[in-house]
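Let's walk through this structure together, one contact surface at a time. Keep the sequence and the 3D view open as you read.

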Amino acid sequence: MEIIVCVKHVPETAEAEIAIDSSGKGIKTEDLVFDINEWDDYAVEEAVLIKEKLGGRVTIVTVGSEDADKTLRKCLAKGADRAIRLTDKAFDGSDAYATAKILYGVIKDLPFDLILTGTQAGDDGYAQVGVILAGFLGIPHATMVKKIELMEGFTRVNRELEGGLEQVMEVGTPALLAVQTGINEPRYVSIMGIRKARQKELKVLGLNDLGLKEEEVGESGSWITVEEMFIPPVEKEAEILVGGLDAISSKIVETLRARGLI
Amino acid sequence: MAMEELAAIKKLDFNMCMQCGKCTGSCPVSPKSKLNPRRFMLETAYLISPLTMHPPLNIQEKGELWDCTTCSTCSYRCPREVKPMDVLIGLRSLLVEAGNVPSTLGDALEGVYKYGNPWGLSRSKRQEWTQDLKVKYASEEEKIDLLYFVGCAASYDSRAQVVARAIVKNLNALSIDFSILGNKETCCGNEIISLGEKGLFEEIAGNNLALFDRYGVQKIVTTSPHCFHAFKSRYGRELAVKHYTQYFADLIDEEKIRFSGKIGKVVTYQDPCFLGKHNDIYDEPRKIIESIPGLRFEELGRSGKRSVCCEGGGGRMWYDIPGERLAEDRVREALDVGAEIIVVACPFCLLTFDDAIKTSGNEERIQVKDIMELVAETL
Ligand code: SF4
Ligand code: SF4
């Protein structure tokens, strides 16, 4: 079983106080603690669990600066076999589409039976990279995956839908599965384990190694441009609508109309 | 299997264990858990000497290892000095290396690694408890003669913060010059090593020693017996550290403390494991309590060397097990001796008793307070 897991090194923002940086298009990260994206942690655990059961190899791929090696070493300590970090000045400013292109640049030449990603990243929250990557590779995919059963030539997965519903789906393999949190319980990795994982292979590749052109990645290769990032102002007024469904709906329409929004 | 850990356990002489069972008999947790130190001593001997006929111990299935509070009663009572608690900590490290850690404990370890505290709270909020208090923060300009090491619980937990504030008020009232590390302070690592995470502990200890050196720290006084124990016995370097009970008992001996108020209540005292059983500090806290005017001091039925753990140590602040908490039993003992206040000298005791008083429905009858709170009220 050859499994590739795509991970992202992200700032932890749940407890932190967030401030906008001087460009107005990002957040200040100096005082933030970075770690593996939570969803990706579950994806790595799932890959290692599958490997422990069926044998094989787990390869971790990320796009990021040297600091992301911390996340890669953690993945290696969890039981992954090798890691690849894709890095280049030209990659700066890549959106989900350009990031998927970069990942595709290396994954297209790697053997795999399964690709796992997190469903989304805790920082930008686009939830697109996995799906676009599957598109580039021309393989089927499933998102919000809460359970994976591997069969001969296909995999049966449970997807988490709104309102607590689960959908069971069969996906032909090789496939890309974007994993939802809670699919397993990610293991703890000890500091000793991370130190030992230094012996495992960690390869660094750049733009030229992937056969990509500068204009295909970064801002110029992206479909999305960030215009501005801001912290939503705290509003002073809130109106809670009461009444039956019809009454509330017409009140909403009325309000939106009155403000020229529809 | 992590050979280094096994080697560490191997150093303990298992031939010394005569299977008398005193360890299990005195373990406060074993009546409600599968934790059986005596059996672990025997089975660990099998683990390290495969020549026996017994089946090998499958340590990865021994989840009850997390139930130990590292109260040290077993080590203290063992007639052969086998130190069962150290063996259990060594066995925990085998689970840690395998990543086989209950998720809440994994979160606590990660929290210390990333944010310097087991609750995983932001470093920038560590010194918020000081609010309007007069404190001096460590700075490159001045060497620190006396460092007040606050600790994680007293920095972040709103109930325990009251103790940190009381200590600062008391030191200021006595015109004692001291500094704190503020947001630069990091977990002492006592619970980390107790959980068997040796690599992380080494890293924390190294960083803390470097921080003490950077600010030229001469003497340290701690809120928590756990920090005190780590600095005194686990850092591999001699540090001039005192728990606050020792520090204030000395001030009483030197007649530097004059109380102006009084506490007209019956009080009793819970010996924290990391002061009492681990470090033989029984008299100093009692000296402070008994010097406070107006109060009547009653010992608990089981006190001093026979004192019973509150169940807050060894990582148990972040890991619960089924059954009544030991602190609830202690609350009943305190009521039996007619106490209106259970006095403690450890933030973990403070928090476990605070809970136990509520869960046992005794909020109207008894309170828990730290010694430093009583001193602040009467100075
Ligand atoms: S008390 Fe000491 S000698 Fe007795 S069973 Fe326990 S470890 Fe062995
Ligand atoms: S240290 Fe305390 S809780 Fe742990 S085994 Fe010994 S007596 Fe029991």
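**Where the parts meet**

Across the interface of chain A and chain B there are 5 salt bridges, each being a side-chain nitrogen of Lys or Arg within 4 Å of a carboxyl oxygen of Asp or Glu. To find your way, note that residues are numbered from 1 along each chain as its sequence is written, while chains are lettered from A and ligands numbered from 1 in the order in which they are written. This is a predicted model, where local features need pLDDT of at least 70, side-chain atom pairs count only at pLDDT 80 or more, and totals for chains, interfaces and linings use all residues; side-chain values use heavy atoms, with hydrogens and water left out.

One salt bridge to look up joins the side chains of A:Lys74 and B:Glu110, at 3.2 Å from N to O. On the side of chain A that touches chain B, helix α5 (residues 191-196) of chain A gives the largest share, 5 residues; helices here are DSSP runs (H or I, at least four residues), numbered from the N terminus. That side of chain A has 9 charged residues, with 5 nonpolar and 2 polar. In these classes, Asp, Glu, Lys and Arg are charged, Ala, Val, Leu, Ile, Met, Phe, Trp, Tyr, Cys and Pro are nonpolar, and the others, Gly among them, are polar.

How much area is buried between chain A and chain B? The figure is about 1,700 Å², and carbon and sulfur atoms give 49% of it. Buried area is the accessible area (1.4 Å probe) that two parts lose on being put together, summed over both. A:Glu15, A:Tyr188 and A:Ile191 supply 41% of what chain A buries against chain B, more than any other three residues.

Now turn to chain B itself, which is divided into domain 1 (2-97), domain 2 (103-250) and domain 3 (260-378), with bounds from an automatic or database domain assignment. Between domain 2 and domain 3 of chain B, about 2,700 Å² is buried, 72% of it from carbon and sulfur atoms. The count between these two domains of chain B is 1 salt bridge, and the side chains of B:Glu373 and B:Arg159 meet in a salt bridge at 3.0 Å, N to O.

Finally, look at ligand 2. Of the 14 residues around ligand 2, B:Cys27, B:Cys68, B:Cys71, B:Ser72 and B:Cys74 come nearest; a residue is near if one of its heavy atoms lies within 4 Å. The shell around ligand 2 has 10 nonpolar, 4 polar and no charged residues.

Note on methods:
Helices (H or I, at least four residues) and strands (E, at least two) are DSSP runs, numbered from the N terminus.
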